[in-house]
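Take a look at the model below.

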Amino acid sequence: MADESTRGDDQDSRLAEAQAAIDESRRRLAEVPAELVVTNHAMGLYELAAIHLSASPPNLPAAALAIDAVACLVDGLGDRLGPDAATLRDALGNIRMAFVQVKAAATAAATGARAPGSDPADGDEPDTDAPD
């Protein structure tokens, strides 16, 4: 029976340590400017979109969802994102363009056609529409 009591004390001790670590993480996070935390999350969504676009085959619906989530933050919050707002707008434009290019290439591969813009000499410009 003493073993069970010792195990229970060990478990209580581990739970208390875990709670203390969580409390410390929350305290540190509260000290960080909110716009920095939101910017980091937006860039995480950007990276998620890039991962899905670079998959083989690309996961266009997942990429579009991540891109739309970035757009919600960037377009919805605008300059409230602080000094990184312009960088986030540029990143959003870049990932949207990448989406259009990957979608065109995937469509071309599926149909056996050449993707628009794949030959710079032909003058075709890729679309600039946002993902679906």
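Q: How many helices and how many strands does the protein chain have?
A: This is a predicted model. From the N terminus on, its elements run α-α-α-α. The count for the protein chain is 4 helices and 0 strands.

Q: What share of the residues in the protein chain is buried?
A: A residue counts as buried under 20% relative accessible area. The protein chain has 132 residues, and the buried share of them is 18%.

Q: What share of the accessible surface belongs to carbon and sulfur atoms?
A: The accessible surface of the protein chain comes to about 8900 Å². The part that belongs to carbon and sulfur atoms is 56%.

Q: Are α2 and α3 roughly parallel or roughly antiparallel to each other?
A: Helix α2 covers residues 34–54, and it packs against α3 at an angle of about 155° with the axes 8 Å apart. Angles over 145 degrees count as roughly antiparallel. Therefore α2 and α3 are roughly antiparallel.

Q: How is α3 oriented relative to α4, roughly parallel or roughly antiparallel?
A: Helix α3 spans residues 60–77 and helix α4 spans residues 85–111. They pack at an angle of about 160°, with their axes 10 Å apart. That makes α3, relative to α4, roughly antiparallel.

Q: How many charged residues are in the contact of α3 with α4?
A: α3 passes α4 in a left-handed crossing. Among the residues that meet are Leu60, Ile67 and Asp75 in α3, and Arg89, Phe99 and Lys103 in α4. The residues of this contact include 12 nonpolar and no polar ones, and the charged ones number 4.

Q: Is Gln101 buried, partly exposed or exposed?
A: Gln101 is found in helix α4. Buried means under 20% relative accessible area and exposed means over 50%. Gln101 has 42% relative accessibility, so it counts as partly exposed.

Q: How far apart in space are Gln101 and Leu53, C-alpha to C-alpha?
A: In sequence, Gln101 and Leu53 are 48 residues apart. In space, C-alpha to C-alpha, their separation is 9.8 Å.

Conventions. Residues numbered from 1 in each chain as written. Predicted model: local features only at pLDDT ≥ 70, side-chain atom pairs only at ≥ 80, totals over all residues. Heavy atoms only, no water. Axes fitted to C-alpha atoms, helices over the stretch in contact; angles between N-to-C directions. Helix = DSSP H or I, 4+ residues; strand = E, 2+ residues; numbered from the N terminus. Parallel < 35°, antiparallel > 145°, perpendicular 65-115°, else oblique. Left-handed = near helix turned anticlockwise from the far one by under 90°. Contact = heavy atoms within 4.5 Å. Nonpolar A, V, L, I, M, F, W, Y, C, P; charged D, E, K, R; others polar. Buried < 20%, exposed > 50% of the residue type's maximum accessible area, 1.4 Å probe, protein only. Areas by Shrake-Rupley, 256 points an atom, 1.4 Å probe, with all protein chains shown as cover.
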